[in-house]
Amino acid sequence: MAEFSHVPVLAAEVLRFLAPKRAGVYLDGTVGGGGHAALVLEASSPDGRVIGFDRDDAALAAARERLAPFGGRARLVKSNFADLGERLLELGITGLDGFLLDLGVSSHQLDTGARGFSFQQDAPLDMRMDTGSGPTAADLVNGLSEDELSKLLHEYGEERWARRIAAFIVAARTDAAIETTFRLVDLIKGAIPRGAWEERLHPATRTFQALRIAVNDELGSLERGLTAALGLLTPGGRGVVISFHSLEDRIAKNVFRSFSQGCSCPKGLPRCICTKVPLVRVLTGKPVMAGAGEIEANPRARSAKLRAVEKL
Ligand SMILES: C[S@@+](CC[C@H](N)C(=O)[O-])C[C@H]1O[C@@H](n2cnc3c(N)ncnc32)[C@H](O)[C@@H]1O
């Protein structure tokens, strides 16, 4: 297996907000190479535990190696974190002292050209985190209608040129199916007028983001997983989410807000009969972002936004 390289982002901030303690039970819903998980295990020594989820076999293999020194304190599970309620119940876990979701793809996934996540390397258009299930990016690019493609690129990629890119894709695939990243990149470059290319953003960035989100149902998984994880936090338990684009950050913000709100019935009612009570306290008014030093050392940290809550 190629060496797994991924530097955990906002590591000090994750520890500050998660505040791991002895004997605590923590969920790392996106264990990746186990970087954050190892820090949580160290901070909760000698008997804190981490349950690490990932959908990606290569990530789990790397995490297994990285977390081996912690023995039975680390447990790894191949699963979408959207299903964490059921999976944790199967393990007999009914409460969490904290959870972390460090979203998106790892540097390892991006750097492994064959996975099809990167527009910088020619590879089959796959983009599945779990290579054993679900449609690939090629299935979507070749199977969706022009309208569906345009909507997908607009909604998940916030791509201004969605209509034109969709039209170019549909015209090109009548000759031969679009099977590779570079063929798609060429089509995108043809669809977006040269003068409209952004200075610091590759023209394929938004289309690749949109396809990856759709292939892996990233937004639906986040909403389901986050809601389930908040329900499992024990009083005083902390939840931390690190997102890398505005769609994910908006979901984290809105789910946290809805759990933090109490009764909002109009004032002046004779007696409020709603039962809504705040379940969490939001610890981060604005999202926490990496400092210049971290961004210089790890450019991936540039777009990271961390939000955290505490269960009441
Ligand atoms: C940014 S990396 C996490 C890196 C990790 N924090 C570390 O320090 O090494 C994100 C990881 O989450 C996984 N992932 C993304 N969405 C997931 C989901 N819905 N369920 C499970 N794993 C997911 C990806 O496969 C990837 O390995």
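Residues are numbered from 1 along each chain as its sequence is written, and side-chain values use heavy atoms, with hydrogens and water left out. Since the model is predicted, local features need pLDDT of at least 70 and side-chain atom pairs pLDDT 80 or more, while totals for chains, interfaces and linings use all residues.

User: How many cavities of 30 Å³ or more does a search of the whole structure find?

Analyst: A cavity here is a set of points, on a 1 Å grid over the protein atoms alone, where a 1.4 Å probe fits but cannot get out. Points are joined across faces, edges and corners, and volume is the space filled by probe spheres set on them. At 30 Å³ or more, the count is two.

User: Which helix gives the largest share of the lining of the largest cavity?

Analyst: That cavity holds about 370 Å³. Its lining (residues with an atom within 4 Å of a point) has 30 residues, with T30, D54, D102, L103 and G104 closest to the centre. Helices are DSSP runs of H or I, at least four residues, and strands are E runs of at least two, numbered from the N terminus. Helix 2 (35-43) and helix 11 (218-232) each give two or more residues, and the largest share, four residues, comes from helix 11.

Note on methods
On a 1 Å grid over the protein atoms alone, a cavity is a set of points where a 1.4 Å probe fits but cannot get out, and a pocket is an open set with protein on both sides within 12 Å along at least five of seven lines; lining residues have an atom within 4 Å of a point.
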